[in-house]
Amino acid sequence: QVQLVQSGGGLVQTGGSLRLSCAASGRTFSGATVGWFRQAPGKEREFVGAIFRWNVGRIYYADSVKGRFVISKDDNTVYLQMNNLKPEDTAIYFCASDRSLILSSLRLVSAYDHWGQGTQVTIAS
């Protein structure tokens with residue numbers, strides 16, 4: 001059973017940067033799809049980006065973060081580098097993984113079996 005442990009996050013000014021990490025324990029990410037989601041107060045959890053199939057490594061982003069956020073990986077950790085942050089990026093950020101997810105389900109919360117604990121990201125205007 002894989003467990004996802006998140007780190008990073010915090011409070012930054014508009015235009016600043018933060019990096020989130022998501023490490024797997026108990027099992028590797030090999031063969032899995034790893035996604036990032038966020039949930040702002042009063043809103044539904046939404047897709048931010050994902051690495052589809054770890055060993056293939058195709059990366060996808062939500063339009064709202066494309067060009068500002070970068071997903072990368074090494075060993076058994078996935079990173080979300082967030083640049084040029086805006087107040088509307090304020091949310092709790094979650095990583096998630098699944099081994100049987102298909103591409104058409106990449107952006108669906110329900111498609112992921114395992115979730116990190118979440119980390120707060122706050123952007124001050």
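My entries below cover cysteines and strands.

**Ground rules.** I am working with a predicted model, where local features need pLDDT of at least 70, side-chain atom pairs count only at pLDDT 80 or more, and totals for chains, interfaces and linings use all residues. Residues are numbered from 1 along each chain as its sequence is written, and side-chain values use heavy atoms, with hydrogens and water left out.

**Disulfide.** I looked for disulfides (a pair of cysteine sulfur atoms within 2.5 Å) and found one in the structure. Cys22 is joined to Cys95, with an S to S distance of 2.1 Å. I noted that Cys22 sits in strand S3 (residues 18-25) and Cys95 in strand S9 (residues 91-98), so the bond ties together parts 73 residues apart in sequence. Strands here are DSSP runs (E, at least two residues), numbered from the N terminus. The torsion about the S-S bond of Cys22 and Cys95 is about 70°, so I wrote down "right-handed".

**Burial.** Are these cysteines buried or exposed? Cys22 is buried at a relative accessible area of 0%, and Cys95 is buried with 0% as well. Buried means under 20% relative accessible area (1.4 Å probe, protein chains only).

**Sheet.** I traced an open sheet of four strands, ordered S1-S3-S8-S7, with antiparallel pairing. S1 (3-8) and S7 (69-74) are at the edges with a single partner strand each, so one side of each has no neighbour in the sheet. Two strands pair if DSSP finds at least two bridges between them; S7 and S8 (residues 77-82) have six, in the antiparallel sense. I also looked up Lys73: its bridge partner in S8 is Val78.

Note on methods
Buried < 20%, exposed > 50% of the residue type's maximum accessible area, 1.4 Å probe, protein only.
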